[in-house]
Amino acid sequence: VLLQAYGGGLVQAGGSLRLSCAASIFSINVMGWYRQAPGKQRELVATITFDGSTKYADPVKGRFTISRDNAKKTVYLQMNSLKPADTAAYYCNLKSDFNDYWGQGTLVTVSS
């Protein structure tokens, strides 16, 4: 499974960005976003099951929204009220049949 992520960029604090990640094949899966800031470990941002159940990390609750379009094999992350602490490389993840797939990171930089 190949995951193609895009949508990162530079934004001022308080701004918004939308990340997208398209999978190369259809599967029943859990998709999600993780992030890794410089010098820190990769951490969960949000996940969504095939039927739409979501989970969010505490720092992003109320600001980020994860969604998916199963017909397009795509997961989205709408990020609002961005903070400098959200600066990181964001990675798309897909879990299916006990396998774990990662996309390339897309960099999000939030300036103060």
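**The disulfide and the interior**

Modeller: The torsion about the S-S bond of Cys21 and Cys92 is about -85°, so this disulfide is left-handed. Cys21 sits in strand E3 and Cys92 in strand E9, so the bond ties together parts that are 71 residues apart in sequence. Keep in mind that this is a predicted model.

A disulfide is a covalent bond between the sulfur atoms of two cysteines. Here the S to S distance between Cys21 and Cys92 is 2.1 Å. That is within the 2.5 Å cut-off for a disulfide. The count for the structure is one disulfide. Both Cys21 and Cys92 are buried.

Now the nonpolar core. The largest one has 27 residues. Trp33, Leu77, Met79 and Tyr90 have the most contacts inside it.

The structure holds one cavity of 30 Å³ or more. The largest cavity has a volume of about 50 Å³. Its lining includes Ala23, Ile25, Phe26, Met31 and Phe50. Ser27, Asn29 and Asn70 line the cavity too, along with Arg68 and Lys73. By class, the lining has five nonpolar, three polar and two charged residues.

Definitions and conventions. Residues are numbered from 1 along each chain as its sequence is written. This is a predicted model: local features need pLDDT of at least 70, side-chain atom pairs count only at pLDDT 80 or more; totals for chains, interfaces and linings use all residues. Side-chain values use heavy atoms; hydrogens and water are left out. A nonpolar core is a set of buried Ala, Val, Leu, Ile, Met, Phe, Trp, Tyr and Cys residues joined through side-chain atoms within 4.5 Å. Buried means under 20% relative accessible area, exposed over 50%, partly exposed in between (1.4 Å probe, protein chains only). Helices (H or I, at least four residues) and strands (E, at least two) are DSSP runs, numbered from the N terminus. On a 1 Å grid over the protein atoms alone, a cavity is a set of points where a 1.4 Å probe fits but cannot get out, and a pocket is an open set with protein on both sides within 12 Å along at least five of seven lines; lining residues have an atom within 4 Å of a point. Grid points are joined across faces, edges and corners, and a volume is the space filled by probe spheres set on the points. Ala, Val, Leu, Ile, Met, Phe, Trp, Tyr, Cys and Pro count as nonpolar, Asp, Glu, Lys and Arg as charged, and the others, Gly among them, as polar.
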